[in-house]
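Here's a quick briefing to read alongside the sequence and the 3D view. Have a look around first, then come back for the highlights.

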Amino acid sequence: MQLSALFLVIVAELSLSTTAFSLAWNRRALHFRGGDVSSSSTTSLRQSSASAEAETPTTSSAGAYLSTVPAGPPDAILGIAEAFKKCTDPRKVNVCVGAYRDEAGKPWVLPSVREAERRMLDDPATNKEYASIIGDAEFVNLALKFAYGADADMSKLAGVQSLSGTGACRIGGHFFSKFLPDEEKPIIYIPTPTWGNHIAIFRECGLEVRRYRYYDSSTNGLDYDGMVQDLKDAPDGSIILLHACAHNPTGCDPTLQQWKDISDMMKEKSHHVFFDSAYQGFASGDAEHDAEALRLFVKEGHTVALAQSFAKNFGLYGERCGTFSLLCNNADEREKVMSQLKLIIRPMYSSPPIHGSSIVRTVLTDDELRGQYYEECSHMAGRIKQMRLLLVEKLKEAGSVHDWSHVTNQIGMFAFTGMNSDMCDELTSEYAIFLTRDGRISLAGLNDNNVEYVAKAIHSVTDGKSITTSS
Amino acid sequence: MHIRTHHHHHHRFLSFSLEHTCINTTTTNCPPMFRQLSREVIRRGTSSGSISAISSARTATGARWASSLHWADIPMGPPDAIIGLTEAYKEDTFEQKVNVGVGAYRSDEGKPYVLPCVREAETILMGQDLDHEYSGIAGDPEFVKLALGFAYGEDSKPLTEGRVAGVQALSGTGGLRVFGETLARHGHKRIYLPNPTWGNHIPIFKNAGLEVHKYRYYDTENSDLDYDGFVADVKDIPEGSCVLFHACAHNPTGMDPTIDQWAELSQIVKDKKLLPFFDCAYQGFASGNAPQDAAAIRLFVEEGHNLALIQSFSKNFGLYGQRVGALSVVTANEDEKAAVESQLKITIRPMYSNPPRHGARIVKTILSDPRLTTDFIDQCKGMADRINDMRSKLRGTLEEVGSTHSWEHITRQIGMFAYSGLQKDQVMALRENHHIYCTLDGRISMAGGNLKKI
């Protein structure tokens, strides 16, 4: 019998300090700025919790506030997806959520992903242990190299696993909010239009959200001059959110030369660069090509921030797999930034979910699976491009005389058609075609069986009406 | 190694100076490691680790930063008290190192343990050829339904009446944060937590926008629940406030109120019109009997409280890294339920959009199958039994070595942790000299013990 428990014996007083926990956390307790909640219905709700109303006979009246809670507005995009599910019209077409569908209109699990899952299941070493706060380090390393390049200098790159793109934007937003000088609230500029959730995310982080011009609805193309002007007019040192490729929802990207000019201007303005990359590999079919803008800015010396998502390019949507990273000036800064990112993550969800990241890690560490993956990703991008061309072809066949070249020119998963919200509503109510009300169509939802139907429907609702607005 | 220095640096920073007197011990049969410790501790006297001044103040400038972002002014954040511990443990190259810090179950060989029913569920899932599409913001509805049934009891009235708002959560942490933020949006300014509580509770709620207040809970003198202090402090909580309770196996003390005490507390909570918020991380794990572990929750539901509940499936299902949980709120009727759910979704969407699928699918597969559910209950009970075994052995060994202290609290405590009563500098000595890692408050994870190392 061991007396090895002796270590517990050498205790004189059993007086226990209870302040151990409060200590570590006081350092930089984030003053949560409550934020401008995007939904006005919730702000009208601010009532003192002390003014509880009359008690119902059997329940505690602390719950009385619940009766005043209004139904919140449904999420713009996911709400439409839910409506699609409930719709019983046999003609129904889902072109709203940005999720890839195969030729039969079904979700597609990449074979390389499925193979990775099989290997994980068979591997006796696989367990369900907590990842660290920053996640699976090997995954993060691979993910960052995927974005920044195989020869990227990792020593200055602070990167953490995140809950896909949303989680990465949230971490980044909190980081900027905490550490940029705050004589005023730090400002982030996001393009008009942008992915809807961007606004809510950054507001929750306590940032002031402003917009820069991006889409020219008179040409259905990039409003490059407007973009540049607005970024020049922004206060020095603003945070600028850029879509790394395949801008959501417009599909309009700057050319590489335009990116270079934007980069030069942003240097002069001391702007902070924050890339959101949700479509690498998916935009052109070539993952290296899709990373050009990001890598250009790195080369030009910006200390970029990057939100990276593997939802689309790996088809891992619901497993919530991504990274947030910040390029620092040196390794010492990197250390400090990592420690601060942990302090943002730990009180939010402690550590990230490991299934998706394990899949990506398994694929990218195996040469065969990796090669297979690149082909599969390219295949998805290829099918979408096909649908893009086919849609325009069918629109012409249906008799539409509009200029649909913007649809052919746009990049990525979506076509930003130029239809207004009335036309979109009509498409949904009359034709059971579910798209977002900004006229954005997810091309992955099209296939040989429905593209003609959709083209005819679009023609019906746009015939004789304008799909551009003169600015 | 650079990182290690920083960790070490912070351990010093966090150490307190404490007085203690020495006691005589018989050390004849003690392995060298512990003999050394006893000498060490006796020698140390008052430890006064110099508390270095890590500047937490940002460099004060009024000017905006120049172009290439200077993060040089950012202070190094302190390592997490619990998870940082595991990181330090991982870096330790000492062969006989022991990790009794993180609350994660270990088999008797000291290895992570994946429940056989979980492995089986995963095999079943693989055969179903499922996709990885987005779930809704609120997650997998079937999972949520089964999760709530597990806690409330399937025949619980609010459940059968369809008035419990429920969403999938990122395990315990995620659900606590979502509810905290939602409370803050709806007029709450404060939340009340037991003293002590799980360390992460505090930054979770602070970051959610709530002031954190504590109510008395643990009597350190007697290593027991400070029930009178508990009751008195709850009575003092302002009306309408949210008060957090640990549903069972209080972390870190392992001391729970009796069911009669819970009944009394329920009445006080009613009288003071408080909002009870249960944190349930150990259901099935505490006593080995899942319904029994949910007794406090079910009592409060029966008493008519519109309580809130966060359930974690990290420990009981061993699904730690999958981040599986469920957040629920009992409401008055279906309309309220829908409204509350919509508000929880508004909090979730700008945080992570929708929750990860895999872990929820595993739990769903198990709980929707009677045989797998039985297997789960057995396996979970097996873990709980082994932990209770460890407790008895630990206490027995301590008593055998002739300790003059009462170690009765070790076996009286419930759940994964033993609240040893070690002080901070002893904990540090354990770490630095003997490569035994537990948290600074002297909390020892019984699951990290095994028969050889006890």
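Let's start with one definition: a residue is called buried when its relative accessible area is under 20%. Keep in mind that this is a predicted model. With that cut-off in hand, we can look at a strand in chain B, then at ring pairs and charges.

**A strand on the inside: β8 of chain B**

- Strand β8 (residues 275-280) of chain B has six of its six residues buried, so the rest of the structure largely encloses it.
- Both of its faces are covered: L275(B), F277(B) and D279(B) are buried on one side, and P276(B), F278(B) and C280(B) are buried on the other.
- β8(B) pairs with strand β7 (residues 242-246) of chain B in the parallel sense, over five bridges. F245(B) has F278(B) as its bridge partner in β8(B).
- To get from β7(B) to β8(B), the chain runs through helix α10 (residues 259-271) of chain B, and this β-α-β crossover is right-handed.
- β8(B) also pairs with strand β9 (residues 308-312) of chain B, again in the parallel sense, this time over four bridges. Here the bridge partner of F277(B) is A308(B).

**The loop between β9 and β10 of chain B**

- S314(B) sits in this loop. Is S314(B) buried or exposed? Its relative accessible area is 1%, so S314(B) is buried.
- Setting aside neighbours within four places in sequence, S314(B) touches residues including Y130(A), S171(B) and Y320(B).

**Rings meeting rings**

- Over all chains, there are 43 aromatic pairs.
- One of them is F150(B) with F317(B), an edge-to-face pair with 6.3 Å centre to centre and 70 degrees between the planes. This pair joins distant parts of the chain: F150(B) is in helix α5 (residues 141-152) of chain B, F317(B) is in the loop between β9 and β10 of chain B, and they are 167 residues apart.
- F317(B) has a relative accessible area of 0%, so F317(B) is buried. F150(B) comes in at 13%, so F150(B) is buried too.
- Ring pairs tie Y227(B) and F230(B) into a cluster whose members include F245(B), W262(B) and F278(B).

**Charges over rings**

- In chain A, the charged end of K92(A) sits over the ring of F84(A), 4.4 Å from its centre.
- R440(A) lies over the face of F414(A), at 3.7 Å from the ring centre.

**Salt bridges**

- The whole structure has 33 salt bridges over all chains.
- One of them joins the side chains of R114(A) and D129(B) (3.2 Å, N to O). This pair crosses between chains, from helix α5 (residues 111-122) of chain A to the loop between α4 and α5 of chain B.
- R114(A) is at 10% relative accessibility, so R114(A) counts as buried, whereas D129(B) is exposed at 55%.
- K364(B) and D140(B) meet in a salt bridge too (2.9 Å, N to O). They are 224 residues apart, with K364(B) in helix α14 (residues 358-367) of chain B and D140(B) in the loop between α4 and α5 of chain B.
- In chain A, salt bridges link E115(A), R118(A), R119(A) and D366(A) in a network.

Notes:
Residues numbered from 1 in each chain as written. Chains lettered and ligands numbered in written order. Predicted model: local features only at pLDDT ≥ 70, side-chain atom pairs only at ≥ 80, totals over all residues. Heavy atoms only, no water. Buried < 20%, exposed > 50% of the residue type's maximum accessible area, 1.4 Å probe, protein only. Helix = DSSP H or I, 4+ residues; strand = E, 2+ residues; numbered from the N terminus. Pairing = 2+ DSSP bridges. Right-handed = clockwise from strand over helix to strand, strands pointing away. Contact = heavy atoms within 4.5 Å. Phe/Tyr/Trp six-rings, centres within 6.5 Å; stacked < 30°, edge-to-face > 60°. Lys NZ or Arg CZ within 6 Å of the ring centre and 35° of its normal. Salt bridge = Lys/Arg side-chain N within 4 Å of Asp/Glu carboxyl O.
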